[in-house]
Amino acid sequence: MNKYSFTLIVIFGLLTAVLLLAWDQAVEVADTLLTVTMWSLVALLVLLPLGMLTLGLWFLSNRFIDNRQKWAEASLLTAQARQADKQADNLIITANPGEQVYIASDQDINRRSITALHLQRSYRSNGNGDSPLLHESTAWALMQHLHSTVNAPRNITHNAPQLPAGNPPETAAVLPQHLDLLPLIDGQSPSLNRVIIGQTVDEAGQLETLTMPLTEMVHVGMVGSSGWGKSVGVQSLALQLALASETLEMVFIDLEGVTSAPFQRLNRLRYPIAETEKDAVAILNDLKGEMDRRMSLFSPHRVQKVSDYNALTDVTPLPFIAVFIDEATSILENNAAIHDLLAQSVIQLRKTGVFLFLAGQEMSSKSMRPMIRRQLSSRIAYHVGDHWQAQGLGIGKEAVYLNTKGRAWTIFPGRQKALVQTPFVDAAAIEGLLERAGRAGKTPSTAMPTRAEPEPTPREQTILQMWDDNASLNQISKEINGQRGGTYNNEIKEVLKKHGVSV
């Protein structure tokens, strides 16, 4: 081997070593680059959606905040516009003493219809014209300022016609603080077609005696706190029905026995006055049977109402039945059996000639089922301590602000809500009138009905005994059914209710 061959071998070996080292480095760099690339792709796949989501949320939040600001501005502008309209509609009318003021809207003027100011119930006056008082001058100055900042209504002028003869006086009538029933019925023959509710102020500003036929009143709900005239109102209505010339039977359920006391000897009583829950259940059961009997009488003649049946010539007329239940809401709330009976019968009552008068200290969904409240076509609300007491009758806060005994808000079919002073009559006067009219001194036409109580089974006897021993529903259910709560407790309730126990 010459020196050139050796040199070439050495050079080749060195080059080989260098290439091997370079290859290792290249592989290591390639692995590193591949790893970095893969993790970069992973990061990109993860961070890109997050970034897009963040960007979207940022965009939506900005839009939401912007919209909220716009909504707030729009609401503020709307409120300001409504306030401006309301302020612009306020008018202060002044007149010299002795002058008659007439008011009219654009539409009224086009129709040539002018109304005297004192005939508008929505307007209030402070008496005859006089120099403005301090608070009136202040109110006028305030209105002038407000109208300078908003579009005030344009002035309308119209020549007022002469006040016609016989026009009502300039000041509207005022409800009496106390109203006696006796002068209202004196010299008149009480009738079911003209039941006096009380006195109100009509649209002409005059006192009007409000009357309603019994058949149009249908069922009556009366609500009011103690001491504000509710019970006296019940007695006033009951007395007029008791004295009516038409044939009528009356029923009283009065567990306290106070409101019904003057009617104890009334000869129009269908049953003795019920003063216990047991008697109340028996009476309502018997009335339900009477309604079923009447419906069976209607069927062959193809009539559906007692008035149509009584119009037939070949039948014995059926008398109307008026049922008065005092403290009704308390009874219904505490006795499920009575509540069930009334709810089952209320739809057929009017058709069969039975009319309800329910009185209580509150008429809410808690104490009376909507099915019953919806049938109370006539509603009378005396003063209540809280608006929810009268809300079930469609009368709320108005009844809270009543401050006169016997004053009530009323709703009757075909009439607008009206403020009425209901009449007063004392117990001695009721008894005297009934005696003189020959409506007292006889026993009721029907004795107190009896209700056959079902004999309890041994299982039911155990439940009743445990309930008498003050065991809870859970305890009874656990003992009887081995389980408690839900359906198991409801089974125990049904057994108790079946035997007249209020749960």
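Of the 503 residues in the protein chain of this predicted model, 36% count as buried. The accessible surface of the protein chain comes to about 30200 Å², with carbon and sulfur atoms supplying 55% of it. In secondary structure, the protein chain comprises 17 helices and 11 strands. Among contacts in the protein chain with a separation of 6 or more, 66% are between residues 24 or more positions apart.

Helix H14 spans residues 427–436, and its buried residues are Ala 429, Ile 430, Gly 432, Leu 433 and Leu 434. The cover over these buried residues of H14 includes helix H4 (181–185) and helix H6 (230–243). After H14 comes Gly 438, which has a positive phi, near 75°. Helix H10, formed by residues 336–349, contains Ser 345. The relative accessibility of Ser 345 is 6%, and this residue therefore counts as buried, the cut-off being under 20%. When residues up to four places away in sequence are not counted, Ser 345 touches Lys 288 and Met 291.

A hairpin is made by strands S10 and S11, with six residues between them. Strand S10 covers residues 407–411 and strand S11 covers residues 418–421; the two pair in the antiparallel sense over four bridges. Within this pairing, Thr 410 stands opposite Ala 418 of S11. The turn of the hairpin contains Gly 414, for which phi is positive at about 80°.

A pair of packed helices is described by the distance between the axes and by the angle between them. For helix H16 (residues 473–481) and helix H17 (residues 486–498), the axes come within 9 Å and cross at roughly 100°. Angles of 65 to 115 degrees count as roughly perpendicular, and H16 and H17 are therefore roughly perpendicular to each other. On the H16 side, the residues in contact are Leu 473, Asn 474, Ile 476, Ser 477, Ile 480 and Asn 481. These meet Tyr 488, Asn 489, Glu 491, Ile 492, Lys 493 and Leu 496 of H17. Classified by residue type, the contact of H16 with H17 has six nonpolar, four polar and two charged residues. Glu 491 and Lys 493, both in H17, are the charged residues of this contact.

Notes:
Residues are numbered from 1 along each chain as its sequence is written. This is a predicted model: local features need pLDDT of at least 70, side-chain atom pairs count only at pLDDT 80 or more; totals for chains, interfaces and linings use all residues. Side-chain values use heavy atoms; hydrogens and water are left out. Axes are lines fitted to C-alpha atoms, for helices over the stretch in contact, and angles run from 0 to 180 degrees between N-to-C directions. Angles under 35 degrees count as roughly parallel, over 145 as roughly antiparallel, 65 to 115 as roughly perpendicular and the rest as oblique. Contact means heavy atoms within 4.5 Å. Buried means under 20% relative accessible area, exposed over 50%, partly exposed in between (1.4 Å probe, protein chains only). Accessible areas come from the Shrake-Rupley method with a 1.4 Å probe; for residues, only the protein chains shown count as cover. Two strands pair if DSSP finds at least two bridges between them.
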